[in-house]
Amino acid sequence: MTHFLISDAHLTPEGTPHPGRDTLLRFLRGLAESGPQTLWILGDLFDFWFEYSTAVPAGYGGVLCRLRVLSDAGWTLNFIPGNHDWWVGKHFSGETGMSILRQTPLTADLGGMKAVLAHGDGMGRGDWGYRTFKPVLRAGISRFSFSMLHPTPATAFAMLFSDTSRKHLRKKARVIPRHLSAWAGKQLENCDLVVTGHTHVPSFSPIGGGVFVSLGDWIGSFTYLKVEEGIPSLERYEG
């Protein structure tokens, strides 16, 4: 069983500009041409996603369809929500066939490798401001309060502040925070592989007897991790 891991596409609704949407859809279509394997998405597939009880985000039919094709073909699909799409729910799971895994960091067996997987936000001892507000943002009362807003202005407001594609392309190259690397190194004392997203920086870093992989993104780097027969490789999609 081969495992493919991606993160941080930060998709916006179809019809709005996005530098990696078409590339990601081609990648997913290519996966469907092989036999059933396992796909992991480690968060921030969407730049914003919130499911109301009677309304769901519009404009994502392309990616939902591609994921459903994989699921129907026998692929195992796992989704670890990120800070931009923490509130994915029953509609997303039902449309795609993906299992939503919220308890992170998550330990998994990837082709014989003991791996720790997480989106990466709030991991380690740094980023104190975000770590303080993270439980509040993810609390049920916060979800309920947001759900009381009308979907159209609420979504427009959220998208205004989470326009990652535009912000990312405007910034210089990022680096992996020291606290995240330190956290990964600590995890590697008891596992073979640590994989995170969030930073948008593709990196393959041997630490001790293991490897820390930062997945990059599908905005500028178009990178993914492939674990085949217990051998991990960080690759760039050129399709």
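User: How many bridges join β5 to β6, and how do the two strands run?

Analyst: This is a predicted model. In it, β5 and β6 are antiparallel and are joined by 5 bridges. Ala108 stands opposite Ala115 in β6.

User: What's the strand order in the sheet there?

Analyst: The sheet is open, has 5 strands with mixed pairing, and the order is β5-β6-β7-β9-β8. β5 (106–110) and β8 (202–207) are at the edges with a single partner strand each, so one side of each has no neighbour in the sheet. From one strand to the next, the twist averages 20°.

User: And which strands does α8 touch?

Analyst: α8 packs on the sheet and touches β6, β7, β8 and β9. Its direction makes about 150° with that of β7.

User: Which residues of α8 are buried?

Analyst: In α8 (residues 178–187), the buried ones are Leu180, Trp183 and Ala184. They sit on the same side of the helix because they cover an arc of only 100° around the axis. These buried residues pack against β6 (113–118), β7 (193–196) and β9 (210–215).

User: What about the other side of α8?

Analyst: There you find Arg178, Ala182 and Lys186, which are exposed.

User: Switching topic: how many aromatic pairs are there?

Analyst: The structure holds 13 aromatic pairs. One of them is Phe46 with Tyr60: the ring centres are 4.9 Å apart and the planes are at 75°, so the pair is edge-to-face. Both residues are in the loop between β2 (38–41) and α2 (61–72), 14 residues apart.

User: Is Tyr60 buried or exposed?

Analyst: Tyr60 is buried, at 3% relative accessibility. Phe46 is buried too, with a relative accessible area of 0%.

User: What's the geometry between Trp49 and Tyr60?

Analyst: That aromatic pair is tilted, with 5.6 Å centre to centre and 55° between the planes. Trp49 and Tyr60 are both in the loop between β2 and α2, so their pair ties together parts 11 residues apart in sequence.

User: Which rings are linked into a cluster?

Analyst: Ring pairs link Phe4, Phe27, Trp75, Trp218, Phe222, Tyr224 and Tyr237.

User: Last one, Thr96. Where is its place, and what is it in contact with?

Analyst: Thr96 is in helix α3 (residues 90–96) and is buried, with a relative accessible area of 0%. Leaving aside neighbours within four places in sequence, Thr96 is in contact with Leu64, Leu67, Arg68, Ser71 and Leu77. The C-alpha atoms of Thr96 and Ser71 are separated by 6.8 Å, though the two are 25 residues apart along the chain.

User: What lies 2.7 Å from a polar atom of the Thr96 side chain?

Analyst: That's the backbone oxygen of Phe92.

Definitions and conventions:
Residues numbered from 1 in each chain as written. Predicted model: local features only at pLDDT ≥ 70, side-chain atom pairs only at ≥ 80, totals over all residues. Heavy atoms only, no water. Buried < 20%, exposed > 50% of the residue type's maximum accessible area, 1.4 Å probe, protein only. Helix = DSSP H or I, 4+ residues; strand = E, 2+ residues; numbered from the N terminus. Arc of directions from axis to C-beta. Contact = heavy atoms within 4.5 Å. Polar contact = N/O pair within 3.5 Å; in protein donor to acceptor, adjacent residues only side chain to side chain. Pairing = 2+ DSSP bridges. Axes fitted to C-alpha atoms, helices over the stretch in contact; angles between N-to-C directions. Phe/Tyr/Trp six-rings, centres within 6.5 Å; stacked < 30°, edge-to-face > 60°.
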